[in-house]
Amino acid sequence: MNIIDRLSVKSISIIAVSTLIILIISNQLLIQKILDEKRDDATVINLAGRQRMLSQKIAKTVYLAENTDIELEALKKDVEVWSSTHEGLKNGSEELGIKANKNELIQTLFFETEPHYEAIKNSLGDFNSIEELTKAVPVIRSHEEQFLAKMDEIVKVFETISNESVRSLIRLEVILGLFSLFILGGEIYLIFRIFLARIENKNEELEKTVQELSDSKGDLFEYVQRFDLSLKAINAGIWDWYLEDNSEWWSPRFYELLGYQDGEIQASYNTFLNILLHRDDKEKVVDAVEEHLKTGAPYKVQIRMKNKSGEHRWFETVGQASFDTDGNPVRMVGSIIDIDERKKVEQDLESSNEEIQRGIELLSETQKAAKIGSWEVDLGTMTAFWSDEVYRIHEVEPGTPIKVEDGINFYREDFRPVIQKAIDNAIENKNSWDEECILLTKTGREIWVRAIGHPVFEDGQLTGLRGLFMDIDETKRKTLERDETYEKLHLSVEAGQIAIWIWDMKTNELEWNDQAYEVFGVTKDFEPTFEKFSAMIHPDDLDYVVEATQKSIETDERFDIQFRFNKGNGSEIILSGRGDIVRDEDGNPVQMIGINMDITDRNEMVENLKRQESQLRSFVEQAPAAVAMFDKNMKYITVSNKWYEHNKIEGEKIIGKSHYDVLPQVKKREDWLAIHKRVLAGEELSKGKDQFTRTDNSEVWISWKAIPWYNAEGEIGGMILYVSDITKEVEYTEELENEIEARTQQIRKQAENLEQVNKELESFSYSISHDLRAPLRSINGFSDIILEDYSGQLDEEGKRLMAVVKESAVTMGQLIDDMLEFSRLGKKKLQKSEINMTKLFENVCEVETGTYSNKQIDLNINTLPNAMGDVALIKQVVVNLVSNAFKYSSKEDKIVINIGFDQIEENEVTYFVKDNGTGFKMEYHDKLFGVFHRLHSKNEFEGTGVGLAIVKRIINKHGGKIWAESEEGKGSTFFFSMPNS
Amino acid sequence: MDVNKTVEILLVEDNDHDAEMALRSLKKNNISNKVTRLKDGEEALEFLFGTGDFEGRSVHNQPRVILLDLKMPKVDGLEVLKAVRSNKDTENIPIVMLTSSKEERDVVEGYKLGVNSFIVKPVEFNSFTEAVKEIGFYWVILNELP
């Protein structure tokens with residue numbers, strides 16, 4: 001309910017209640033006033049009565065004063081009371097508790113009483129003896145009667161006024177009462193209307209909710225699309241594994257990484273495990289998954305997978321399981337990246353490390369066994385000496401004489417200047433050298449050698465050069481190869497916007513690929529250093545990054561982190577960073593190689609999805625209706641607060657529990673179980689009225705709607721169920737229906753009664769008509785016999801009287817016939833057909849003109865439209881109207897009759913018959929069509945008074961109307977309307 | 001009463017006045033001597049089947065036409081009609097129903113019991129001859145009139 005409704009309910013209630021209170025109070029006041037007035041009036045009337053008696057008593061005392069002993073003092077007192085009472089009645093008196101009456105009539109009457117009062121009072125003004133008193137007798141005698149009469153009149157007027165005022169007050173009270181009722185009714189109506197509006201509102205809200213939800217579904221689709229795009233942009237292939245049925249979803253890139261078209265092979269865990277995965281990696285994967293699902297340990301394994309061309313390549317796959325509320329794993333989502341190159345490098349590195357190790361071992365062995373080549377040059381004699389090993393490296397027969405320059409010439413041309421320079425440097429600056437160079441052996445092979453040399457001094461004089469010589473070809477080549485692989489790796493990641501860097505921990509030098517400039521948002525002239533890079537990490541995340549690096553160095557575990565990073569161009573992004581430590585032969589960390597990816601978009605998307613879901617959740621929670629969100633197994637994900645209220649679930653935590661466990665009664669509803677299945681298969685279902693037994697066993701009526709909801713992948717994630725309690729509405733409807741039913745019953749009963757009464761009436765009229773006919777027949781027949789057989793014995797008057805008897809009998813027979821016909825019309829069924837009205841009128845008029853052949857007739861029949869009706873009955877109508885027209889015009893000099901039609905309205909035609917006859921007063925119009933109603937005496941015009949009643953009945957039966965217009969003496973027009981289809 | 005008296009026209013009518021008028025009308029046209037009036041349906045059945053008061057009357061000596069009132073005490077016209085039509089000896093006797101009003105004709109027709117004609121009372125010579133004409137006995141009766 002919106003605020004306006006709430007305000008209006010409130011304001012209407014306030015206004016209505018205050019109006020009612022005011023009305024009730026004023027009603028009470030009014031009643032009080034009525035009582036007060038009545039009491040006042042009663043006082044006055046009582047006093048007036050007492051006054052009358054007192055007057056009579058005083059008068060009597062005075063009259064009898066001569067002959068009886070009276071107490072003058074007592075009389076005086078009486079007179080005093082009498083006169084003060086009079087004044088009080090006239091002008092009002094606090095003492096007597098009465099108010100002066102301002103009524104004009106009363107004032108006038110008092111005024112008229114005044115002379116009599118004054119006279120009597122004056123005559124009794126002062127008396128001290130009987131003698132003095134007797135003087136008053138004639139005065140009193142002459143005024144007493146009139147005084148009393150006036151007083152009586154005053155009392156009467158008082159009574160009238162009093163009654164009148166009370167009556168008007170009561171009238172006012174009645175009006176107030178009615179007004180209260182009206183106000184009460186109005187309030188009930190208004191509140192009820194708002195209540196209805198509220199129900200409507202609620203429905204609208206629900207619909208809106210549904211709409212919004214389906215809108216948000218649209219948003220989800222959009223996110224899914226974006227997600228797809230992001231998936232395409234990054235190099236990783238994504239997999240999504242449903243543990244329930246082992247089905248999987250693989251991103252297009254996943255397929256691509258394996259050389260397949262999107263969807264070319266079925267995505268499933270089984271396909272992955274048994275077809276793609278290298279047999280030797282199977283155990284590793286299964287163990288890792290198990291570990292991850294059991295302990296939540298990170299799932300990250302390097303595996304070999306067979307691509308379409310049958311070649312095994314190295315991939316790194318990471319994944320994260322999601323768990324249901326019971327902690328059971330539901331699905332796992334992860335990614336694969338092709339690390340084949342890297343892996344090979346690593347493997348090579350590994351093997352090269354091994355080689356180095358072996359070399360060193362060899363060297364030490366050699367050293368031990370003096371197998372390391374050594375050489376000497378005597379600068380004095382300019383002779384050279386090689387050890388056997390040196391010969392062997394040069395592939396020269398040991399012992400072969402060598403020259404000093406041979407030491408340089410065996411090097412490949414491009415290395416000769418290097419060595420030459422080193423030698424010169426040694427001679428000039430007494431420096432040692434250690435160079436790695438390529439040597440061309442005697443057989444023409446190019447090999448890497450390490451040449452170490454230093455000057456030899458004797459007595460401070462440079463006498464020669466001496467050094468070591470070793471074949472480092474294998475090691476060197478491995479290293480070079482590694483470098484080359486890095487280069488290749490660089491190339492492979494160029495497309496993926498991945499920054500790759502190598503951090504030399506000894507020199508603290510930082511090198512990175514071209515992509516890195518872009519990823520980090522710096523120009524190409526930026527010289528990377530670890531410090532500069534660190535400075536760009538979001539200050540809040542720096543410690544975390546350093547820690548992770550540190551940890552990686554300590555534990556030799558790869559670090560895999562995400563952190564905020566301020567790009568060179570000022571924008572903040574989220575970087576994912578991974579790095580591996582490269583160690584030297586002693587296990588000391590020397591280098592760190594890593595990659596960084598901008599995952600801001602992906603992160604945002606995840607955030608958005610999370611937000612979306614949390615919005616949905618909070619929406620459901622706050623929904624103004626009973627709403628619940630379930631997963632595919634009908635376990636509660638979230639519910640609205642109203643849900644608890646609606647289902648009478650108190651203080652129970654239901655999230656994560658099965659709907660069927662929370663509400664066991666639902667499990668018994670097979671229809672609902674089927675509906676849940678259908679909804680989870682994608683249908684949207686609803687029901688406007690359904691019964692539901694709540695947990696507290698109360699039965700309610702509900703309306704519900706169930707729709708599936710879709711997850712980020714566009715798949716059905718579960719079901720949303722809306723329920724609203726419509727018990728009140730249903731009860732109200734039932735109440736209404738019951739009432740209607742009751743009314744219908746009542747009406748039906750009445751109809752049955754009516755039917756019964758009709759039947760009785762019918763048989764009554766039938767037997768009456770039958771029984772009446774027999775005596776009529778006798779009257780008629782025996783009159784005939786008298787006229788025939790005894791006409792000779794009857795004089796003219798006798799014959800006339802017999803004729804009257806006979807005629808009356810005939811009329812009565814006609815009456816009986818008409819009556820019967822009229823009553824029979826009621827039950828007769830119409831047999832409708834199209835009627836040619838022109839022809840019908842013509843035929844009927846022909847008969848009538850024959851009857852009035854002695855008159856001058858002006859008959860005009862227009863061409864009339866056809867009508868639909870019962871021919872026999874309509875003919876009766878026409879005969880009646882036409883014969884009436886003739887009959888009532890027959891006294892004119894000339895009969896003028898016009899027959900036509902007035903208008904055609906949709907399916908109705910109005911015909912009319914107009915005559916120039918005697919007409920009637922319009923005020924008697926209503927009586928025209930009543931049974932036995934006649935507007936003319938039988939002497940004037942023949943007739944039973946049933947004809948027009950029959951006509952009206954027939955026309956009404958056809959769904960038409962009949963009416964007439966006339967002016968006395970100027971003819972009349974009868975109209976009747978008929979359906980023409 | 002001579003039980004075996006030949007009867008040309010049998011009038012079954014409970015109302016004396018109606019019967020009187022009918023007889024008078026027929027008499028005026030000189031056919032009353034062949035008319036026998038019975039007071040109700042019971043008598044009519046006894047007459048026709050030679051039972052009761054008419055014990056001994058031959059069932060082969062039947063009237064040429066029966067004028068039968070519809071409403072009678074004890075056994076009404078329709079019952080007599082039914083009995084007449086369901087007996088071999090009487091089934092072919094033409095029956096003219098006497099009704100009080102035109103409406104009663106509907107009742108008679110409704111029963112479809114083999115009424116040959118009807119007359120709305122009072123039975124006058126004109127209506128009688130019309131009815132007899134309908135039956136086809138017109139000439140038979142009229143020709144035999146003395």
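How many residues of chain A are in contact with residues of chain B, and how many of chain B with chain A? The legends below take up this question and then turn to single elements. The model is a predicted one, in which local features need pLDDT of at least 70 and side-chain atom pairs count only at pLDDT 80 or more, while totals for chains, interfaces and linings use all residues. Residues are numbered from 1 along each chain as its sequence is written, and chains are lettered from A and ligands numbered from 1 in the order in which they are written.

**View 1. The contact between chain A and chain B.** Nine residues of chain A are in contact with 11 residues of chain B, where contact requires that the C-beta atoms of two residues, placed from the backbone, lie within 7 Å. Helix α22 (residues 727–789) of chain A supplies the largest share of the chain A side, eight residues; helices (H or I, at least four residues) and strands (E, at least two) are DSSP runs, numbered from the N terminus. The residues on this side of chain A divide into three nonpolar, four polar and two charged, with Ala, Val, Leu, Ile, Met, Phe, Trp, Tyr, Cys and Pro counted as nonpolar, Asp, Glu, Lys and Arg as charged, and the others, Gly among them, as polar.

**View 2. The open sheet of chain B.** Five strands of chain B, with parallel pairing, form an open sheet in the order β2-β1-β3-β4-β5, two strands being paired if DSSP finds at least two bridges between them. Strands β2 (35–38) and β5 (117–120) of chain B are the edges, each pairing on one side only. Between strand β3 (residues 65–69) and strand β4 (residues 95–99) of chain B, which run parallel, there are four bridges, and B:Leu68 stands opposite B:Met97 in β4(B). Helix α1 (residues 16–28) of chain B packs on the sheet, where it touches β1 (9–12) and β2 of chain B.

View 3. The buried residues of α24(A) are A:Met837, A:Leu840, A:Phe841, A:Val844, A:Cys845 and A:Glu848; a residue is buried if 20 or more other C-beta atoms lie within 10 Å of its own, exposed if 12 or fewer, and partly exposed in between, with C-beta atoms placed from the backbone. The face turned away from the buried side of α24(A) carries the exposed residues A:Lys839, A:Glu846, A:Val847 and A:Gly850.

Key
Axes are lines fitted to C-alpha atoms, for helices over the stretch in contact, and angles run from 0 to 180 degrees between N-to-C directions.
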